[in-house]
Amino acid sequence: MTAPYRIAGKGHLGTAPVARFTFDGKSYAGLEGDTLASALLANGVHLVGRSFKYHRPRGFLSSGVEEPNALVGVERDAARTTPNVRATVQELYDGLQAVSQNRWPSLSFDVGAVNNLGSPFFSAGFYYKTFMWPKAAWKHLYEPFIRRAAGLGVAPEQPDPDHYAARYEHCDLLVVGGGVAGLTAALAAAESGARVVLVDEQPEFGGSLRFESQTRIDGQDGWDWAQSAVHRLAGMDNVRLLTRTTAFGYHAQNMVAMIERVTEHLPGPLPDLPRERLWQVRAKQVVLATGSIERHMVFPNNDRPGIMLASAGRTFLNHFGVAVGRNVGIYTSNDSAYYAAIDLKKAGVSVAAIIDVRDNPKSAIVDQARALGIEIKAGHVVSGSKGHLRVSAMIVKPRGGGAEQTIAVDAMLTSSGWTPSVHLFSQSRGKVAYDEATQRFLPGTYAQACVSVGACNGSDRLEDLLIEASQAGRGAAQAAGVDHDAAGAYPEASAAEVWTGGMLGVAPGVEDKKAFVDFQNDVTAKDIAQAVREGMRSIEHVKRFTTNGMATDQGKTSNMHGLAIAAEVLGKPIPEVGLTTFRQPYTPVTFGAIAGNARGALFDPTRRTAIHSWAEEHGAEFEDVGQWKRAWYFPTAGEDMQAAINRECVTVRQNAGIFDASTLGKIEVVGPDAATFMELLYTNPWQKLEPGRCRYGIMLREDGYVYDDGVVGRLAADRFHVTTTTGGAARVLHHMEDYLQTEFPHLKVYLTSISEQWAVIAVQGPKSRDIIAPLVEGIDISDAAMPHMSVREGKICGVPTRLFRMSFTGERGFEINVPADYGRSVWEAVWAEGKKHGACAYGTETMHVLRAEKGYIIVGQETDGTATPDDVGLAWAIGKAKKDFVGIRGLQRQDLVAPGRKQLVGLRTKNSTTVLEEGAQLVADPNQPIPMKMLGHVTSSYWSENCGRSIALAMVEGGRNRIGDILYVPMPDNTIEVEVTEPIFFDEKGERLNG
Amino acid sequence: MLLIRCPYCEKDLPEVEFRHAGEAHLVRPSNITEMSDAEFEGYFFIRQNPKGIVFERWRHVHGCGRFFNAARDSVSDKFLTTYKAGEPKPVLGDRE
Amino acid sequence: MRKYSAFAIAREAFRGHKGWEQQWRSPEPKAEYDVVIIGAGGHGLATAYYLAAEHGITNVAVVEKGWLGGGNTGRNTTIIRSNYLYDESAGIYDHAVKLWENLSQELNYNVMFSPRGVMMLAHNIHDVQVFQRHIHANRLNGVDNEWLTPEQAKEYCPPLNISKDARYPVLGAALQRRGGTARHDAVAWGYARAASARGVDIIQNCEVTGVRRAAAGHVEGVETTRGFMRAKKIGVVAAGHSSVIMQMADVRMPLESYPLQALVSEPIKPVVPCVVMSNTVHAYISQSDKGELVIGAGTDQYTSYSQTGGLHILQHTLDAICEMFPIFTRMKMLRSWGGVVDVTPDRSPILSKTPVQGLYVNCGWGTGGFKATPGSGHVFAHTIARDEPHKINAGFTLERFRTGRLIDEAAAAAVAH
Amino acid sequence: MANQIALRRPVLDGLSVQRQWVSVKPAAPASRIALRAPAESLSQLSASLSLTLPSKVRASATSGTRTALCLGPDEWLIIDADGVDIAGEMAGVEAFYSAVDVSHRNVGIIVAGEGAQAAISAGCPQDLALREFPVRACCRTILGKSEIVLQRTGDQEFRVECWRSFADYVFTFLQEASRDPLI
């Protein structure tokens, strides 16, 4: 079966298998190796999209990534839908389903096209000047309308089942672009032994050799030469070849980010293959061989389906074997479109005429065209086009004025010249320079170890280009330090195409009609002129005001035209108007590919303790604390959260409770100066702490605010076991290392993180000693031998332990540290003993309630980074005799010693069953008008089953002087009266620690 | 992602192994309690933040763990040199 | 200033849009101004506008080294909200929101202020506590902010993933309905047009190279690449470059400048109806009127003036976006860019007189300055005109770093312990 | 007295990935010491350990079942068979040093096969080519969102060490990375 516009014997696809596909539900057949664009064109389909603003019918402009118009949705299945896919890039696979976008109800009849009638009103920036009355209408009427009208495709509706891979790569030379220049550079470098990576965005290497019919290298046809070059490279161990891979971002120090499309061209399903792969390549040298992109002619109604770039016409013909029409008109201001005319003519396609704005074009290629009998209308312009859903004619007149002539066509190819692709060069922070003679920006000053070769460097002559690229490849290998043998011969150009010249901006004969510069965003030459008239003088202003170059093609065909039009209106040379800085990505990049495998379980590490699995098996609910999952509470059958917590709280104080404290940060501080170091990093005194004893320590930042806290045990004269908060573990160690390495490097101390070495099982409650007694070996755990706040080393359940006698509940308590892999086993043993004594397992919520009953603070809950030790009632923990510690100076600042600071207090609600909301604000006068004077806020608030009432902690201005005062908590519906109290609610004398 | 030469590992290594640690050559005075409020403000809060060569601290936190210093151009983000903690500020000469 | 309206557009439509006047003049600099504002971003232009409109000071120049609105004004994700914790912060940001609400009409320029609501997600109990504290404080400060359950959050923003199986499930959200977005360029252009119409000279491509001070200490004027301009008063509103400018006047600042990146997706039909922020998973997203998903990323860790940042920063942002919105993995990043943000030790701005007479500074807005633009310009104009702060910015002094009276919004949201 | 002996339960017990081109398996439980010492203590420590501690960062040395990885200018990770009392052997050294038992803090994972380097390069931004990272080279670095210690134990074999609670993440990361057939 042959599609009507497929030309037998043309193109590089050969006898590829047929691939069937649908577009807007209609079935077609193409060939494997086609793009969706070439396959549709082979079937004579040009109308594929609607423009953004005016909903004008649009076809293909290009055959590549610069495509502004032909954006479609591709739907593999319900979950695998992708909006805004360029049909010129999407490779065909059997079963592909594509749909058009931004039209309703159908592509050929789109109601939105009424916008086109209103287009005189929708001038550049019109929305800044209206929709302001009445005020509320913007939110409720105008904006919703605009939002619905804007946007192109539709976001997927289901989570993406595909996965994405990532790879870091390193090489001596990265060559971006696998056309003739890139292949030549890669070969030259690879033959010298350098590690080379060569990438190209297309499915196959060759670049413009895909369509150049008259180029011959080393005596071979250009395309064939490219294939043999690829074959040679593929045989080398030191070369990595990546097709379908776009270098989209050029970062500092030669880090180039690239996206490889792995499965988008394949029919599915392919469960183990990633959809795309992100490459982050660190190259010692980079060769940019990124080529150039053809520009369209800016003339009235230049946007009709069927009007395309000359290079696109050639690619469809010479690579895909597809004719874009049967009677093609050509409009050009340079030679390159002549090649298109010649190729078409030779392939048996009628060429209606070549319209050339130049008065007297002279070159071999013009002669060739003439010799083939193609009509050349030199010194003529196209002043318009006809046709609705497809171009049907071009209107031609002499450039200097005169009678218009309508020439029937079914497709048009245009060229106004070529824009070097300096995107990556610019991203590398190189500075482009404007070449007046050729009207183009070329690489100027380099900022990184990088060199541009070929068309992107303005190297127009193939002979020069081959030498330049060869030298760049060898030079890069040398610069990367790779030895290489004597230089081999450079490839030689046997015949070459030359297509320089052209024009920028509006073609002559445009007058006051719609001549599109940016197709997707519907920006016309008039819009740009208007922006300049309105005072926009920087190209950035013009661009933002008109949206020229801001569509999904990012101005690849429109930026230079826009710049030239602005420059002309301003009467300034182009470089003075500026050039928009190029930023990544070169072409749009899938979010999922950038995120890579960091999804689900790999979004962020989930840290679990050694005891986690036990808690899970025993029905615990968990809470996230940083990356940790911590057991929150342990509901038994039928219990809600409050019931579980009430039970846990009471059980701990009546019998005992077992708590997994493994997530606490732990640092071993070792060395003869360990105590001196501790004195400097904590507010407390440490020199006189006996080995075997513990102390609650407070760490400040240099500004005097509480940074962390924890119990510290002295294991030996030169060894401390420091604990930190769970969230503070990493930053406390970093903070300590900072001071040790940079401020106190003379101290003989080393710090080692042991957070994960030890699982920690807290056993708290009056029965705690009885529970652990049968398990402990070699430690006398009697009150006399091991009083509150002491630490011993010995064994438990036959394995080593660091046993702390300490309490965060106010009860007699122990914290059993055991090597983590033993954690669950020892926990189970403790649990078995605990059950005999009526103990329960408890979680973080009960831990919070119990410590609040005792008024113990939690750093990060009572403190918020602006609290001093005195603010939270911990002034006692500052060593009064100490001459220095981190934070000592900060504490002296006037605002930190001023009266009226917020201080930790307790709150008792008047109604004992009212539990305050954490974060609720306190005021003295609840009847004052808003904004109210707030005195502080509730930091912790719980129902305390042990106290039989609600309890709360709060930070209140001058709080300690308000003990006994009544304050108010204004809530949305009511006001709660509270009494300020000391921050302790249970066992005020602390008798239970030894009870 | 920058590439940073760790003066202890003697190797150019990826930025994600490092943690920036603020302006370099700020020495905590041994008589810190005798500083005036203004001096303390100058030590703890005021920063040079130059547009040009910055002297800054880094820690090879996911590597050898060492703090060290760097001279970097804050406009191009290029490193001029890195050197070990405690070493004097290098004379950069015409490298600037 | 010829008024913008639907009628004006219709009139111009019939004459090919050839009658529009310049939105702002591009005058040559004069020798002397009453006030020179350094920096033609939103804050600087707003300052100039309010100096002219509210204080009658029209002999004002706004000097800009690039093009107006080309710094952070044109590079941010345009989130507007005022649900800050501390009284000072709530005061200035809510002042701004109130001005936003009438700004299009005041400037006769559609800045597209769109109060679609800003939803801040809580992912752990600490987040919940912090947001509740904000909500309570906001209510008593007269700032709207309400608590949503995960289901209510999803109802407000349907594509949001509230699955309990998410790595960091959504436990709820704080919603400020009056928050939203505005069109960043239009804000700069609208203020520029209105200021220019009132006589303010906006001088682009004019880089300040020095601040001249008299022997007695007070300011005399600014040296620029377009010559010296005498000035009685100078307002520095240079965002990431504030340290550099202030250094010219021998004032050292508690500032560091960091690269901040942002990105947009290709345009799609409306899918995200509001602004969603998550501090815990580090993601900020909204959808522009054009259909692009607008996504804010984090700062790089090192100071820089380069206006670029590392790809790993965008990776962290986009994995967070895909975690919160799993339907977006197949969306594509269309553009990314970077700005330079000036950050103070307490993450609150400085709007203040300085030790130098006649020199005023408005800086330190960090990653969130856009939302404050009208309020900041309004009170800063007051500070310059009256030589004393407005009560709204009285707390945002330069001295607070000496006294310790910080306004520490960052610490107030301290990480979980 | 204890009537039961606690069991060691390694976190990755029983997990393993085997593909045509790469395998990912937990290493056997081990004894580990985080050793910190100034240069002047090295000769005494080396003598006590019967292994010359490498003095160059990123180098490792092996003797019998014992390996010492130099991770910083004054830092070594010493790994030996489970149950060996490494710290005990150093007890007699009088020179200044710090030896801290981290046997249970770390988890080892062996990645082997022709795709081993590629799998690790999915998340480790260092250049792991043989010429840059030869056999016995080691370093602390990053894999995805976790810190790891990486040692090349063969042309196509690596040992990855991470902290215990990151082991799930690191293993899952390597498992996911090993799906990618591109080497």
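I first looked up two domains of chain A: the C-alpha centres of domain 1 and domain 4 of chain A lie 63 Å apart. Domain bounds here come from an automatic or database domain assignment. For chain A, that assignment gives domain 1 (1-154), domain 2 (164-292 + 420-483), domain 3 (664-754) and domain 4 (890-994).

I note that this is a predicted model, in which local features need pLDDT of at least 70, side-chain atom pairs count only at pLDDT 80 or more, and totals for chains, interfaces and linings use all residues. Residues are numbered from 1 along each chain as its sequence is written, and chains are lettered from A and ligands numbered from 1 in the order in which they are written.

I then turned to the chain contacts, counting two residues as in contact if their C-beta atoms, placed from the backbone, lie within 7 Å. Of the five pairs of chains that touch, chains A and C have the most contacts. Chain A contributes 93 residues and chain C 81 residues to their contact. On the side of chain A, helix H3 (residues 135-149) supplies the largest share, seven residues; helices (H or I, at least four residues) and strands (E, at least two) are DSSP runs, numbered from the N terminus. I found no contact between chain C and chain D, whose closest C-alpha atoms lie 10 Å apart.

I also checked strand pairing, which requires that DSSP find at least two bridges between two strands. Strand S32 (residues 589-590) of chain A and strand S16 (residues 332-343) of chain C run antiparallel and are joined by two bridges. Within S16(C), C:Met333 is the bridge partner of A:Val589.
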